[in-house]
Amino acid sequence: MLILLVMLMVVFFSFQSLFLRLYSIHYAGADAAQSRPVFSICYGMFIAAASLMANGFSFSPSWQTWLLGLVNAGALLLYNISMLEAGDRGSYSFLMIASMFGGILVPLAAGLLFLEEYLRPLQVFAVVLMLISLVVMNLKGISLKESSGAYYLWCALLFLSNGLYGTVMNLQTRMMRGAERAEMLTILFFASALAAALGEALQKRGRQLAGGFRMGRRAALFLLFCCISATVAANLLLYVLPMMNSSVLYTVDNGGVLVLSICYSVILFHEKPQKMQILGMALAVLSIILIEL
């Protein structure tokens, strides 16, 4: 049953990435730059509202959940900023490696040092194999010839913010023993949506933001599907985290989502996979099998 839930979580996180890509492709707003804050606001508000509704509109978070929810909202904000800033300065493939490495290594280190989580030798090998597979799958697109120091700084922040996000999620489930999941998601995503809206207001782009919500029917539909997928995936993540080693879970999640995303690109967007991508996918699948043994 646990393996099935993890598989479903990975599938829904991959759907989130797929529908986000389709939303970006079909976004028909007058200012394409507004697609990002519009997404952040809609995404955050939807998950917060859906989580609150699923909990019967019961909302009684402890001070620990309030604190960790706000901290993770900050981590999510830093992640989004870092992704945009790094993406404007250099190789997308390299920043994705930085992000996924952070998503695996930072929670792993926190689990080993502070939460008494333990990995068997075979699982350690599987994690290393997954890290190698992530590099192999993105190797073709890496180009660092003209990258600046600022690019590497934003990649480092991307590494830390993605890792911090997973670590805080894990810490909240451990402290609350799996309780207050809805409260955690409500605080986290409402705060992130509010931060995105305030960011636009402080930069005096309120009118542009309002116009950005006129995105077209297709983009709105894909945005809705993305939000639904993200809501299901986030709730599954918090449900599963207390039941298993977070290092194992985040390794499977990062590798599985990337493998499925490449498959979607081949099937839906007719992108021809590179030999290194196929090799990397095979290594990732092998890693997932080994880490579950």
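Let's start at serine 62, which counts as buried at 18% relative accessibility. Buried means under 20% relative accessible area, exposed means over 50%, and partly exposed is in between, using a 1.4 Å probe and protein chains only. Serine 62 sits in the loop between α2 (35-54) and α3 (63-87); helices here are DSSP runs of H or I with at least four residues, numbered from the N terminus. If you skip its neighbours within four places in sequence, serine 62 is in contact with Met176 and Glu180, where contact means heavy atoms within 4.5 Å.

Before going on, a word about what you're looking at. This is a predicted model, in which local features need pLDDT of at least 70 and side-chain atom pairs count only at pLDDT 80 or more, while totals for chains, interfaces and linings use all residues. Residues are numbered from 1 along each chain as its sequence is written, and side-chain values use heavy atoms, leaving out hydrogens and water. As for pLDDT, that's the predictor's confidence in each residue, from 0 to 100. Its mean over the protein is 89, and 99% of the residues reach 70 or more. Confidence is lowest in helix α8 (residues 206-212), with a mean of 85, and highest in helix α9 (residues 217-240), at 94.

Now back to helix α2, where you'll find methionine 45. With 38% relative accessibility, methionine 45 counts as partly exposed. Not counting residues up to four places away in sequence, methionine 45 touches Phe189, Phe190 and Ala193. Along the chain, methionine 45 and alanine 191 are 146 residues apart, yet 8.8 Å separates their C-alpha atoms.

Next, the aromatic rings. A pair of aromatic rings is described by the distance of the centres and the angle of the planes. Rings of Phe, Tyr and Trp (its six-membered ring) pair if their centres lie within 6.5 Å; planes under 30 degrees apart are stacked, over 60 edge-to-face, and the rest tilted. The structure holds 13 aromatic pairs. One of them joins phenylalanine 12 and phenylalanine 15, an edge-to-face pair at 5.9 Å centre to centre with 85° between the planes. Both residues lie in helix α1 (residues 2-26), three residues apart, or about one turn of the helix. Phenylalanine 12 is partly exposed at 23%, and phenylalanine 15 is partly exposed at 27%.

What about phenylalanine 19 and phenylalanine 225? Their ring centres are 5.3 Å apart and their planes meet at 50°, so this pair is tilted. Because phenylalanine 19 lies in helix α1 and phenylalanine 225 in helix α9, the pair ties together parts that are 206 residues apart in sequence. Phenylalanine 19 is buried, at 16%, whereas phenylalanine 225 is partly exposed, at 31%.

Phenylalanine 269 lies in the loop between α10 (246-268) and α11 (275-292), and is partly exposed at 23%. The charged end of arginine 21 sits over the ring of phenylalanine 269, 4.0 Å from its centre; that label needs NZ of Lys or CZ of Arg within 6 Å of the ring centre and within 35 degrees of the ring normal.

Definitions and conventions
Helices (H or I, at least four residues) and strands (E, at least two) are DSSP runs, numbered from the N terminus.
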